[in-house]
Amino acid sequence: MNKLSLLACAVLIVGCGTPATYKDPSGRELVVSLDKVNIQDFATAGSQMLQSMISSPSFSKGAPVLQLGSITNDTADNFDTALLLSKLTVPLVNANRVTLLDNDATANAARATSGSNANVPRAEYVLKGKILEDRSNAGSTRQSSFVFQLTLVEIKRGVAVWTEEKIVTKQGTKNAVGF
Amino acid sequence: MLAARKSKTDGGYTRVQFDLRNGAYLRQTINVSFEWIAADGTVTESQPNWIVTPLEPGALTTVTATALKAQSAECRLRLISR
């Protein structure tokens with residue numbers, strides 16, 4: 001009888017797990033991880049950097065020609081840095097605030113074959129950056145800070161005309177759901 | 001909310017600024033999001049995420065948003081605190 005009760009309890013516990021559901025990626029019920037950059041961290045850092053970037057004088061008028069440089073992932077977490085860059089480039093391109101140069105081989109070949117007389121835009125700015133992390137703990141409380149750094153370099157003069165750093169810090173004893 | 005300001009950038013884009021203060025005795029996490037509206041009432045831009053801003057008791061913060069599109073005339077601030 002005892003064995004049967006234990007089995008029933010085990011089945012009940014297993015059956016009580018939360019089934020997978022779809023969540024709004026911009027909502028507030030997403031998983032918050034202590035050991036990795038979450039999708040909402042890219043969104044937060046990206047939108048804040050976007051706001052800072054469009055306030056710089058380089059973006060005050062017209063649509064400057066922008067080329068994407070390298071974004072170094074210097075964290076222990078493996079992710080595609082396009083997750084951050086897209087938070088900046090998608091709104092800027094769709095609002096006609098930048099002319100974004102395509103970087104792939106086809107675009108480069110088209111540029112090379114069209115020659116110097118063609119109406120091909122030349123990059124005015126390069127956007128580059130780095131993502132870093134810092135971890136510390138006190139007892140069972142863990143803290144992770146992810147540092148997002150971006151710099152906009154004016155190619156003509158070779159100087160940085162805008163630079164920004166955003167830090168996302170998370171603290172707790174275990175991963176959780178919600179903000 | 002202590003203050004709301006609206007101005008224009010050099011390029012003619014609308015910029016808004018809100019001063020927020022945590023008037024409670026406990027730490028609060030404020031989630032902020034902006035939505036931009038054209039003069040005819042249509043929504044022109046909406047932010048796809050919440051900006052998480054932890055605020056200590058009595059702390060004051062200023063949130064700023066600049067419109068990406070020239071037709072964005074008004075801003076709607078969405079605010080959730082916990």
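1. Leaving aside neighbours within four places in sequence, A:L34 is in contact with A:R142, A:S144, A:K170, A:G172 and A:N175; two residues are in contact if their C-beta atoms, placed from the backbone, lie within 7 Å. A:L34 sits in the loop between β1 (31-32) and α2 of chain A. Helices (H or I, at least four residues) and strands (E, at least two) are DSSP runs, numbered from the N terminus. A:L34 counts as partly exposed because 18 other C-beta atoms lie within 10 Å; the buried class requires 20 or more such atoms within 10 Å, the exposed class 12 or fewer, and partly exposed lies in between, with C-beta atoms placed from the backbone. A:Q51 is 17 residues from A:L34 along the chain, and their C-alpha atoms are separated by 26 Å.

2. On provenance, this is a predicted model in which local features need pLDDT of at least 70 and side-chain atom pairs count only at pLDDT 80 or more, whereas totals for chains, interfaces and linings use all residues. Residues are numbered from 1 along each chain as its sequence is written, while chains are lettered from A and ligands numbered from 1 in the order in which they are written.

3. Chain A contains four helices and seven strands, arranged from the N terminus as α-β-α-β-α-β-α-β-β-β-β. Of its 179 residues, 20% are buried. Among contacts in chain A with a separation of 6 or more, 68% are between residues 24 or more positions apart.

4. Chain A has an open sheet of five strands in the order β3-β2-β4-β5-β6, with mixed pairing; two strands pair if DSSP finds at least two bridges between them. The edge strands, β3 (99-100) and β6 (159-172) of chain A, each pair on one side only. β5(A) and β6(A) run antiparallel and are joined by 13 bridges. Within β6(A), A:K166 is the bridge partner of A:F148.

5. α2(A) lies across β5 and β6 of chain A, at about 150° to β6(A). α3(A) packs on the sheet, where it touches β2 (65-74), β3 and β5 of chain A, and its direction makes about 165° with that of β2(A). Axes are lines fitted to C-alpha atoms, for helices over the stretch in contact, and angles run from 0 to 180 degrees between N-to-C directions.

6. The largest nonpolar core has 32 residues, and A:M49, A:M53 and A:F148 have the most contacts inside it. Such a core is a set of buried Ala, Val, Leu, Ile, Met, Phe, Trp, Tyr and Cys residues joined through C-beta atoms within 7 Å. Two or more residues each come from α2 (39-54), α3 (82-94), β4 (125-138) and β5 (141-154) of chain A, and from β2 (14-21), β3 (28-38) and β6 (60-66) of chain B. α2(A) supplies the largest share of this core, seven residues.

7. The contact between the chains takes 16 residues from chain A and 16 residues from chain B. On the side of chain A that touches chain B, the largest share, seven residues, belongs to α2(A). That side divides into five nonpolar, eight polar and three charged residues. Here Ala, Val, Leu, Ile, Met, Phe, Trp, Tyr, Cys and Pro count as nonpolar, Asp, Glu, Lys and Arg as charged, and the others, Gly among them, as polar.

8. Chain B has zero helices and seven strands. Of its 82 residues, 18% are buried, and its C-alpha trace spans about 40 × 25 × 15 Å along its principal axes.
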